[in-house]
Amino acid sequence: MGIWDRRGGAAEGNGGGVSGELASVLVKGAPLPTSAADARDHIEALLRERFVPGNDGFRDDTVGTDALLVTSELVTNASRHGGGLTDFSARIQDDELFLSVADESTELPVVRPRTPGEYAVGGYGWPMVIRLTKSLSVVPTATGKRIEAVISLT
């Protein structure tokens, strides 16, 4: 399986070499989210911790909602199409959310071609993820694939 990268280049990953302020890290090895709602709760807590401690609102509701939509879509797809979630991590560095979601499938996500005026059921999530992320890569792993997404929080 090759590496899918929206920018057309090889995927670099989101590990190493990133400098700047590191706000939080979800501990690797912690229990995996049991649902998309559970994953959204993790991201919401991370956003609140970083941007508005002691407050229930985001700095920008649209930015927060975008981050939650991407999280929900990736975790749902891992469960629905990827054989189950095998890893999940998120961190905020500077003004970006780095999200990593792994599953058991080696199949790459696809964008379904549509005929103008066609309104089929399903197939809208991956194009939405592409639009809402600053950077998006699919990286093969020994047990399936890992999707790495960077979402701008400004």
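This is a predicted model: local features need pLDDT of at least 70, side-chain atom pairs count only at pLDDT 80 or more; totals for chains, interfaces and linings use all residues.

Visitor: What makes Arg-48 and Glu-44 a salt bridge?
Guide: Their closest N and O atoms are 2.6 Å apart. A salt bridge requires a side-chain nitrogen of Lys or Arg within 4 Å of a carboxyl oxygen of Asp or Glu, so the pair Arg-48 and Glu-44 qualifies.

Visitor: Why are Arg-48 and Glu-44 said to be separated by about one helical turn?
Guide: Arg-48 and Glu-44 lie four residues apart in helix α1, and therefore about one turn separates them. An α-helix has 3.6 residues a turn, so residues three or four places apart point the same way.

Visitor: Why is Arg-48 called partly exposed?
Guide: The relative accessible area of Arg-48 is 26%. Partly exposed is the class between buried, under 20%, and exposed, over 50%, so Arg-48 belongs there. Glu-44, with 22%, is likewise partly exposed.

Visitor: How do you know that Arg-146 and Glu-148 form a salt bridge, and is each buried or partly exposed?
Guide: The closest N and O atoms of Arg-146 and Glu-148 are 2.7 Å apart, which is within the 4 Å limit. Arg-146 has 24% relative accessibility and so counts as partly exposed, whereas Glu-148, with a relative accessible area of 6%, is buried.

Visitor: Why is helix α3 described as largely enclosed by the rest of the structure?
Guide: Six of the eight residues of α3 (residues 125–132) are buried, and therefore the description applies. The buried residues are Gly-125, Trp-126, Pro-127, Met-128, Val-129 and Ile-130.

Visitor: How is the packing of α1 and α2 described?
Guide: Helix α1 (residues 36–51) and helix α2 (residues 61–80) pack at an angle of about 150 degrees, with axes 9 Å apart. The crossing is right-handed. Among the residues that meet are Ile-43 and Leu-47 in α1, and Leu-68 and Val-75 in α2. The contact comprises seven nonpolar, four polar and two charged residues.

How values were computed. Residues are numbered from 1 along each chain as its sequence is written. Side-chain values use heavy atoms; hydrogens and water are left out. Buried means under 20% relative accessible area, exposed over 50%, partly exposed in between (1.4 Å probe, protein chains only). Helices (H or I, at least four residues) and strands (E, at least two) are DSSP runs, numbered from the N terminus. Axes are lines fitted to C-alpha atoms, for helices over the stretch in contact, and angles run from 0 to 180 degrees between N-to-C directions. A crossing is left-handed if the near helix is turned anticlockwise from the far one by less than a right angle, and right-handed if clockwise. Contact means heavy atoms within 4.5 Å. Ala, Val, Leu, Ile, Met, Phe, Trp, Tyr, Cys and Pro count as nonpolar, Asp, Glu, Lys and Arg as charged, and the others, Gly among them, as polar.
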